[in-house]
Amino acid sequence: MRALPYVDSALLTDLLSWPTAIAALGRALAPAYAEGGFTERSNVPLDNGELLLMPAAGSETVGVKIVGVAPRNPEQGLPRIQALYTLFDARTLAPLAVLDGTALTTIRTAGQSAFVVRELAPEKARRLVVFGAGPQAEAHIEAVRAVRTIDTVRIVGRRPERVAALCERLGGSGVDVRAGERTDVASADIVVCATTSTTPVFDGGDLADHAFVVAVGSHTPDARELDGSVFSRASLVLVEHRHTALQEAGDIMQAVEDGALAPARLRDFGDLAGLRGDEGISVYKSVGMGWQDLAIAQAVWESLPTRTSKAPTTVPPAELP
């Protein structure tokens with residue numbers, strides 16, 4: 001087998017602008033929900049964390065993301081989540097490329113959030129509050145700014161030095177970016193939660209009556225970033241896939257258990273065309289799905305021959321995951 005191109009994080013980011021990533025996810029949505037053949041992620045518990053396998057199939061390409069989640073890694077200066085994505089041709093099942101799965105996940109998650117914001121958040125949304133100061137927080141700020149004219153950003157995090165560093169990186173963007181407080185949600189048009197917290201990061205009673213809330217930080221039943229009052233106040237609760245959310249999303253599962261959210265109130269991407277999010281509080285809770293990863297991986301593959309002058313490095317067959 002020939003050596004495969006390896007798309008590292010820098011090249012992947014160069015190849016995909018936010019509009020391109022958002023458009024790819026938008027194109028993939030209708031086929032994914034028309035076919036309805038979602039493949040659930042596989043979870044392999046390990047002593048130091050867990051291994052996730054996320055396969056997906058499309059008409060042109062198929063692929064699988066292999067994810068290592070090691071909660072103690074940050075103590076050693078290593079990423080909590082690391083991943084590789086292997087892309088195959090759908091007709092021949094020949095391997096096409098290996099991609100940095102961590103960067104792919106960051107772009108996929110923030111791009112999908114931005115797509116939902118574009119479709120449902122108030123057009124006049126200007127004030128953004130972000131919980132978290134890691135890669136997902138930064139990516140969400142960039143992605144949301146691609147679909148809304150944000151002029152104020154407040155960043156809330158547990159580690160002041162990381163918040164300060166992120167504010168400094170974004171300081172030259174022409175937006176008022178500063179460290180914030182939990183209570184800043186009272187004036188926020190859009191709130192993004194992109195943390196590793198297992199407990200709610202703000203009091204839902206403080207939310208503005210028109211707030212659009214995005215929560216992406218957790219994908220397990222025992223973790224939540226939003227409290228019950230967020231859901232009891234919300235006029236719209238959107239998830240990617242209703243069944244998956246009721247099995248994996250701790251925010252949703254615990255709100256249902258607490259009586260703050262009735263399962264019948266859940267809407268998913270299959271309902272998206274008929275939804276409006278401009279009345280009252282709206283919530284979008286994401287756990288991530290394989291079809292989204294595949295959409296981004298295919299967009300990268302399609303960009304490789306024509307949109308970059310860099311030759312991607314190669315991975316010898318013996319080193320393939």
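Student: Which residues line the largest cavity?
Tutor: The lining consists of Phe 38, Thr 39, Glu 40, Arg 41, Met 54, Thr 244, Glu 248, Gly 288, Met 289 and Gly 290. On a 1 Å grid over the protein atoms alone, a cavity is a set of points where a 1.4 Å probe fits but cannot get out, and lining residues have an atom within 4 Å of a point.

Student: And what am I looking at, in terms of source?
Tutor: This is a predicted model, in which local features need pLDDT of at least 70 and side-chain atom pairs count only at pLDDT 80 or more, while totals for chains, interfaces and linings use all residues. Residues are numbered from 1 along each chain as its sequence is written, and side-chain values use heavy atoms, with hydrogens and water left out.

Student: What volume does the largest cavity have?
Tutor: Its volume is about 80 Å³, where a volume is the space filled by probe spheres set on grid points joined across faces, edges and corners.

Student: Turning to H2, where does the helix bend?
Tutor: H2 bends by about 25° at Ala 28, and Pro 31 follows within four residues. The bend is the angle between axes fitted to the seven residues ending at a residue and the seven starting there. H2 covers residues 18-35; helices (H or I, at least four residues) and strands (E, at least two) are DSSP runs, numbered from the N terminus.

Student: Which H2 residues are buried?
Tutor: Among them are Trp 18, Ala 21, Leu 25, Ala 28 and Tyr 33. Buried means under 20% relative accessible area (1.4 Å probe, protein chains only).

Student: How are the rings of Tyr 33 and Trp 291 arranged?
Tutor: Their centres are 5.8 Å apart and their planes at 85°, so the pair is edge-to-face. Rings of Phe, Tyr and Trp (its six-membered ring) pair if their centres lie within 6.5 Å, and planes over 60 degrees apart count as edge-to-face, under 30 as stacked. Tyr 33 in helix H2 and Trp 291 in helix H9 are 258 residues apart, and both are buried.

Student: What about Phe 131 and Phe 202?
Tutor: Those rings are stacked, 5.4 Å centre to centre with 25° between the planes. Both residues are buried.

Notes: The expected span of a helix is 1.5 Å times one less than its number of residues. Buried means under 20% relative accessible area, exposed over 50%, partly exposed in between (1.4 Å probe, protein chains only). On a 1 Å grid over the protein atoms alone, a cavity is a set of points where a 1.4 Å probe fits but cannot get out, and a pocket is an open set with protein on both sides within 12 Å along at least five of seven lines; lining residues have an atom within 4 Å of a point.
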